[in-house]
Amino acid sequence: MSGRPYVLAETRWGAVRETEYQVAVLPWGATEAHNLHLPYGTDNIESERLAIEAARIAWEKGARVAVLPCVPFGVNTGQLDIRLCINMNPSTQAAVLSDVVLSLEGQGILKLVILNGHGGNDFRQMIREVQPAVPLFLCTVNWYQVVDPEPFFADPGDHAGEMETSVMLHLAPDLVQPLSEAGPGAARRFRIAALREGWAWAPRRWSRVTDDTGVGNPAAATTEKGRRYAAAVSEKIAEFLVELARADVQDLYE
Ligand SMILES: [Zn+2]
């Protein structure tokens, strides 16, 4: 039995030794509550499976992509009072990222894409700090920002809402509870106008914002909506992986 060659966790040394990998993809999620109907591993399942699907499409177009195992902990400092939400601080994430980057460096892998699935994670500043020290090209993609969800959903939502629930109904239907068990995902807004309007930013205290841990109503979620959206997202990421695999990192500008 042989695993999928673009999924590192399923691949053996014999195959790895023979393959000229061009791009590594590092899925990065979080372990946190997702309303009453989605599991704690939602962000990990989404980022890992979308990475694998994108890598499959890219591989079939000739790009040699390796999806690394998902890092399952995200920045959850605003959810510490919610049981079993596990926080990994940005400084710890930076150390993890740096170790992964330094491992790949010197192994002939010239490009790394982080595929992020959690809104509290932000790898841009970490990349700015690490990039000058290594020849490896580093970039980050938030999968939920790759394709505009508006044409796909009535009310996409922010966290465990219609979009995320639909994607999970498609990717991992066995792990989704009946939507009749979900809370409404109603969210309280900031009292202060600037924060409400979003031009001033502060992290949200999740347990004050929402009663069921969801932000966004999952009621209109369907498997079909999730299938269509996930396909659009993985296709677009795959195109990027193919283009990146071919690119000369010393010659990235027009
Ligand atoms: Zn999520």
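Are phenylalanine 152 and phenylalanine 153 buried or exposed? Both are buried, where buried means under 20% relative accessible area, exposed means over 50% and partly exposed lies in between (1.4 Å probe, protein chains only). Here are my notes for someone opening this structure for the first time.

1. **Ground rules.** This is a predicted model, in which local features need pLDDT of at least 70 and side-chain atom pairs count only at pLDDT 80 or more, while totals for chains, interfaces and linings use all residues. Residues are numbered from 1 along each chain as its sequence is written, and side-chain values use heavy atoms, with hydrogens and water left out.

2. **The two phenylalanines.** Back to the opening pair: phenylalanine 152 and phenylalanine 153 make a tilted aromatic pair, with 6.3 Å centre to centre and 40 degrees between the planes. For such pairs, the rings of Phe, Tyr and Trp (its six-membered ring) must have centres within 6.5 Å; planes under 30 degrees apart are stacked, over 60 edge-to-face, and the rest tilted. Ring pairs also bring in Tyr229, giving a cluster of Phe152, Phe153 and Tyr229. Over the whole structure, a search finds six aromatic pairs.

3. **Tyrosine 6 and tryptophan 59.** Here is another tilted pair, at 6.1 Å centre to centre and 55 degrees between the planes. Its partners are 53 residues apart and link distant parts of the chain: tyrosine 6 lies in the segment before helix H1 (13-18), and tryptophan 59 in helix H2. Helices (H or I, at least four residues) and strands (E, at least two) are DSSP runs, numbered from the N terminus. Tyrosine 6 and tryptophan 59 are both buried.

4. **The main core.** The largest nonpolar core has 57 residues, and Val25, Leu97, Leu112, Trp143, Tyr229 and Leu241 have the most contacts inside it. Helix H8 (residues 223-246) supplies the largest share, nine residues. A nonpolar core here is a set of buried Ala, Val, Leu, Ile, Met, Phe, Trp, Tyr and Cys residues joined through side-chain atoms within 4.5 Å. A second, separate core has eight residues, including Ala160, Leu169, Ala172 and Ala221. As background, nonpolar side chains tend to be buried together in soluble globular proteins.

5. **Valine 25 up close.** Leaving out neighbours within four places in sequence, valine 25 is in contact (heavy atoms within 4.5 Å) with Ala51, Val65, Ala66, Val67, Leu68, Leu112, Val113, Leu115 and Leu241.

6. **Helix H8.** H8 has 24 residues and spans 34 Å from first C-alpha to last, close to the 34 Å expected at 1.5 Å a residue; the expected span is 1.5 Å times one less than the number of residues. Among its buried residues are Tyr229, Val233, Ile237 and Leu241. The cover over the buried residues of H8 includes strand S1 (23-28), helix H2 (42-60), strand S3 (111-116) and helix H5 (162-171).

7. **Helix H2.** H2 is largely enclosed by the rest of the structure, because 14 of its 19 residues are buried. From its first C-alpha to its last, H2 reaches 27 Å, close to the 27 Å expected. After H2 comes glycine 62, whose phi is positive, near 100 degrees.

8. **The zinc site.** His34 (NE2), Asp43 (OD) and Glu164 (OE) coordinate the zinc ion at 1.9 to 2.2 Å. Aspartate 43 in helix H2 and glutamate 164 in helix H5 are 121 residues apart, so this pair links distant parts of the chain. Donors are N, O and S atoms within 2.8 Å of the metal (3.2 Å for Na, K and Ca), and water is not among the atoms, so sites may look incomplete. Aspartate 43 counts as buried at 2% relative accessibility, and glutamate 164 is buried too, at 9%.

9. Most residues other than glycine have a negative phi. Leucine 84 has a positive phi near 65 degrees; it is in the loop between S2 and H3 and counts as exposed at 60% relative accessibility. Threonine 213 also has a positive phi, about 75 degrees. Threonine 213 is in the loop between helix H7 (206-209) and H8, but is buried, with a relative accessible area of 13%.
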